[in-house]
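Please keep the 3D view open while you read.

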Amino acid sequence: MNDLVHNLGRGLAGTALHQAVLAQNSGRWDSVHTTVRTLVGRPATVHPAGASLYRGAPAVAYVLHTAGHPAYRSALGDLDSVLAVLVRTRLADAHHRMEAGRPPRMQEYDLISGLTGLGALLLSRGTHPGLLDDVLRYLVRLLRQPIMFHGEEVPGWWTSDSPSGRPDAAWPTGHGNFGMAHGVAGPIALLALSARAGHSVAGRHQALIHCCRLLETRAHCLRNGATAWPETLTIDGWADRSIMPRRPGRPSWCYGTPGIARALQLAAIACSRAAARRLAEDALTTCATDPEQIARIDNATVCHGWAGLCLTMDRAAADTTPDSALRRVLPRLRSRFATHVAQHALPGSAGVLTGGDGALLTLHTLNPARPVATGWEACLLLS
């Protein structure tokens with residue numbers, strides 16, 4: 001049970017975030033305080049193998065920070081100290097692995113379990129700018145410095161894990177992951193959003209240009225004319241670019257075109273690459289209007305359902321011109337999301353990613369008549 005208490009994606013921490021965002025508008029904090037007392041009243045993991053943006057002490061810190069209530073300042077100060085120690089330990093382990101020339105485990109760098117997620121928390125908090133810069137320098141190295149693995153040169157973010165996050169005999173050469181939740185799109189988005197916030201480290205601009213080129217060259221045209229990226233690649237797929245899926249995947253925030261294209265859009269804006277930006281925004285628009293892709297959405301969640309698709313499109317559209325095609329598709333997407341929720345039961349579980357909390361919070365956020373405060377979606381690296 002304690003594992004889910006401090007779990008932002010599928011546990012009580014996600015519920016607390018949902019309650020806090022609503023309380024910022026309503027001024028009714030009683031239920032939030034009750035939930036937060038449970039969060040801080042039980043020991044949250046700080047162990048480097050388990051603590052991340054979505055789990056343990058950092059997840060609690062993210063909730064308290066986003067809530068922004070004065071009563072939480074003291075607890076946040078304590079958690080800031082814990083966070084600093086955790087990030088330094090994780091960075092030291094990552095650099096040691098790099099020096100040895102080994103590929104990373106997925107949880108070393110990804111958004112959900114790794115240093116990208118911890119960097120997102122540091123960017124939100126703003127209390128350790130030097131430590132955030134250390135994370136950004138690590139990501140620049142990860143994105144720019146290739147490694148040799150099984151006789152092939154692969155990018156530094158190529159993981160020895162299978163897509164499950166664990167070694168698997170069925171994936172003997174690991175895989176390359178393009179998604180926002182567990183792949184290269186997460187580090188790209190964090191570098192771009194950090195640049196937008198005024199953080200600059202050596203090599204950041206060149207790394208973002210490199211990543212724009214990566215996503216430009218790995219984009220492919222599906223048989224129905226839509227643009228997409230592979231969710232994952234084997235080492236053969238990396239070496240042979242003709243090995244590409246012919247049908248679109250699910251248009252999800254976590255693995256699919258929406259998250260990847262939003263990362264490319266953010267990077268293109270940060271390094272002023274107009275062609276890459278057009279590619280990203282065209283991919284988002286065709287994704288949102290492609291019946292084949294839309295038909296693959298079968299739930300309301302943020303991770304891989306309507307909420308994630310709609311929120312990603314909304315944040316991407318905010319960076320386009322008022323007359324953009326992407327903005328024009330938003331009302332229909334919101335309507336279809338609301339219709340799905342009206343006709344289907346929400347997930348009975350808690351949490352921002354796979355639970356009802358994330359779906360309801362997104363509905364409130366996207367309601368133009370009664371919008372709630374934004375900023376809670378920083379944990380998704382959308383803005």
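The points below go through the cysteines, the aromatic rings and the salt bridges of this predicted model.

1. Let us begin with the cysteines. The count of disulfides is zero. Cys287 is in no disulfide, and the nearest cysteine sulfur, in Cys310, is 11 Å away. Cys287 counts as buried, because its relative accessibility is 0%.

2. With 0% relative accessibility, Cys379 counts as buried.

3. Next come the rings. There are three aromatic pairs. In one of them, Trp157 and Trp238 have ring centres 6.0 Å apart and planes at 90°, so the pair is edge-to-face. This pair links distant parts of the chain, 81 residues apart: Trp157 lies in the loop between strand E2 (152-154) and strand E3 (176-177), and Trp238 lies in helix H11 (residues 235-239). Trp157 is buried at 2% relative accessibility, and Trp238 is buried at 16%.

4. Trp238 also pairs with Trp158: the ring centres are 6.1 Å apart and the planes stand at 70°, so this pair is edge-to-face. Here the partners are 80 residues apart, with Trp158 in the loop between E2 and E3. Ring pairs join Trp157, Trp158, Phe178 and Trp238 into a cluster. Over the ring of Trp238 sits the charged end of Arg218, 3.9 Å from the ring centre.

5. Now for the charges. How many salt bridges does the structure hold? There are 12. One of them joins Arg196 and Asp319, whose closest N and O atoms are 3.1 Å apart. Arg196 is in helix H9 (residues 185-196), while Asp319 is in the loop between helix H15 (306-317) and helix H16 (325-343), 123 residues apart. Arg196 is partly exposed at 44% relative accessible area, whereas Asp319 counts as buried at 18%.

6. Another salt bridge brings Arg273 and Glu216 together, with closest N and O atoms 3.0 Å apart. Arg273 lies in the loop between helix H12 (257-270) and helix H13 (274-289), and Glu216 lies in helix H10 (residues 204-218).

7. Finally, Glu281 and Arg277 meet in a salt bridge at 3.0 Å, N to O. These two are four residues apart in helix H13, so about one helical turn separates them. Glu281 is buried at 16% relative accessible area, and Arg277 is partly exposed at 29%. Elsewhere, salt bridges with shared partners join Asp314, Arg315, Arg334 and Glu377 into one network.

Methods: Residues numbered from 1 in each chain as written. Predicted model: local features only at pLDDT ≥ 70, side-chain atom pairs only at ≥ 80, totals over all residues. Heavy atoms only, no water. Disulfide = S-S within 2.5 Å. Buried < 20%, exposed > 50% of the residue type's maximum accessible area, 1.4 Å probe, protein only. Phe/Tyr/Trp six-rings, centres within 6.5 Å; stacked < 30°, edge-to-face > 60°. Lys NZ or Arg CZ within 6 Å of the ring centre and 35° of its normal. Salt bridge = Lys/Arg side-chain N within 4 Å of Asp/Glu carboxyl O.
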